[in-house]
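Here is a short tour of one protein model, meant to be read with the structure open beside it. Keep the viewer handy and follow along.

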Amino acid sequence: MFKNLFKAVFIITFFSVLTRIMGFVIRIFMSRELGAEMIGIYQISLSVFSVFLTIISSGIPLTVSRLSAEYRAKKEFNKENKMVTAATIVSFVLAVVICILTIVFRPIITLISKESLIASVLIALLPALIGTALNVGFKGALWGREKHFENCFVDLIEQLIKVILIIILVNISPSIEQGLINCAISLSIACIISTLISMLFYFKHKGKLSNPKGEFKPLIKKSFPITLLRIVSSFGGMIMSVIIPISLVSIGYTNEQAMSLFGIALGMTLPLLYLPNTLVGSLSTALIPDLAKLKAENNSNEFYSKVKSSLIFSIFISLIFIPCFMGIGKEIGIFVYNNETSGIMLEYCAIIMLPMGINNITSSILNSMGLEVKSFIHYVYGSIALILSVIFLPRFFGIYSLAIGLGASLIISSYFNVKMIKKELNIKNLFFKELIKMCLFLIPSILINRWSFNCLINIFTPFFSIAISSILGVIFFVSFCLIFKIFTINGLLINFKNIRILRKKHKKKTV
């Protein structure tokens, strides 16, 4: 079981890293070609689009993934086919309704946003909504069947097509505004193509479409709490996209300056802060069907073991980036985006990655345990802090009120998630001791990173200075973790040992 989880995480992580790299490259391209103000407008459009996307897809793929794993464990293959069909129908109908309403109420969207370009970008994104709706059932079923390579390959192809199209269409655009719309068109084309590929994979692996009668109710019942949680999250992001620029204007910024600061925060800084989620998200994706299967088999010992190791791993990955960002964040912002403000934000906001990682993995654990409603309630607790922060704090902290609110929100929801997991597993300590030790290890690692960069910049180019000093910071942090036995080399290599043992046994049988 651990071997299968390790293999799944490795596949997902490998493709996620490639996908994130391409996404990061195109984000840099867009920032440099279109400017911070256009990125701000694009982020507002995406925040509205994410609400639409959440309504049709957030809870359904996770539910299909979990139920698919359960049905296949019980050899109820026909129920799996019926569920995939039900998921496709529900998502598609919702997507069509949303598209119609968006087109009808386009003048109102323009009036509320006071920016016609936002509505134009949103309309250009609607085909991506239809494509995603048709894909959610197939994608969820492939995850449930542990066809991780296929799903990751589809995501990689989608990102590759999007990158190529954005570069081409932005370069041939007659204006910056049209370039922004072309970015949305590129996303829609890439999404439709990836959906077609995903369908081919589903049918290739003997997937079928069956009469969905009897599966609508359980699908909606189980996916609704997750969907509601994500809708609140997306809706909160949309509200922030409106409130923060207005708040910045109210304290003296011009509309262009406010939009630029918003674009820097959400379009430049936050993508860097989400880097640990490449690994944590991979683990979360692989963990849901895996834990669901263990729960169905009543394998409590291995369930607890995977929960604890996954939590410690997520904390470690979340912290490993902090020495780099807190030590030389400003230099990274200048090098990557040619924007000093984004780098300064990165330095101040890096610590947010810790509760972000904990919240990500604990939410997935609760979902796999069938506690989606509890996870949603905990998220609501955190969202209240976020909303209050972006309403009342901009006059004191400006754009940094977003980071303060986001950090408070993640800490609150993570706290209640962890408390619920401890209660369900009937244990007192999951990771507190390891967390305290790793946080203390950050201090020397940050100092080493900063000191080594100051020395290296006199000899090397900024790229090599950033790269070498970051590697040194990571080495020091990992070394402290090994010295104080947060984990061991044997612990890291245990999966590889298991694989070798299995291979030897297989060879003996075939002789």
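## Starting at Leu134

Does Leu134 count as buried, partly exposed or exposed? With a relative accessibility of 27%, Leu134 counts as partly exposed (buried is under 20% relative accessible area, exposed over 50% and partly exposed in between, using a 1.4 Å probe and protein chains only). Leu134 sits in helix H6, residues 116–144 (helices are DSSP runs of H or I with at least four residues, strands are runs of E with at least two, and both are numbered from the N terminus).

Leaving out neighbours within four places in sequence, Leu134 is in contact with Thr88, Phe92, Thr195 and Met199 (contact means heavy atoms within 4.5 Å). Leu134 and Phe92 are 42 residues apart in sequence, yet 5.9 Å separates them in space, C-alpha to C-alpha.

## Ground rules

This is a predicted model, where local features need pLDDT of at least 70 and side-chain atom pairs count only at pLDDT 80 or more, while totals for chains, interfaces and linings use all residues. Numbering runs from 1 along each chain as its sequence is written, and side-chain values use heavy atoms, with hydrogens and water left out.

## The overall picture

The protein has 21 helices and zero strands. Of its 511 residues, 54% are buried. Take the contacts between residues at least 6 apart in sequence: 82% of them join residues at least 24 apart.

The largest nonpolar core has 110 residues (such a core is a set of buried Ala, Val, Leu, Ile, Met, Phe, Trp, Tyr and Cys residues joined through side-chain atoms within 4.5 Å). Leu129, Phe325, Ile332, Phe431, Met438 and Phe477 have the most contacts inside that core. For Ile332, the partners beyond four places in sequence are Leu272, Cys324, Phe325, Tyr337, Leu346 and Ile466. Apart from this core lies another, of 15 residues, with Val64, Ala86, Val90 and Ala141 among them.

## H15 against H16

Now to a helix pair. H15 (residues 353–368) and H16 (residues 372–392) pack at about 150°, and their axes are 7 Å apart (axes are lines fitted to C-alpha atoms, for helices over the stretch in contact, and angles run from 0 to 180 degrees between N-to-C directions). The two helices are therefore roughly antiparallel, a label for angles over 145 degrees. On the H15 side, Ser363, Leu366 and Asn367 meet Glu372, Ser375 and His378 of H16. By class, that contact has one nonpolar, four polar and one charged residues.

H16 has 21 residues and spans 31 Å from first C-alpha to last, close to the expected 30 Å (1.5 Å times one less than the number of residues). Its buried residues include Glu372, Ser375, Phe376 and His378. Lys374, also in H16, is partly exposed at 37% relative accessible area. Between Lys374 and Met420 there are 8.1 Å in space, C-alpha to C-alpha, and 46 residues in sequence.

## Two loop residues

Where does Tyr274 sit? Tyr274 is in the loop between H10 (255–273) and H11 (277–296), and is partly exposed at 33%. Beyond four places in sequence, Tyr274 touches Arg20 and Met356. Met356 is 82 residues from Tyr274 in sequence and 8.3 Å away, C-alpha to C-alpha.

Asn338 belongs to the loop between H13 (322–337) and H14 (340–349). Asn338 counts as exposed, at 57% relative accessibility. Its phi is near 55°, a positive value in a residue other than glycine.

How values were computed
Parallel < 35°, antiparallel > 145°, perpendicular 65-115°, else oblique. Nonpolar A, V, L, I, M, F, W, Y, C, P; charged D, E, K, R; others polar.
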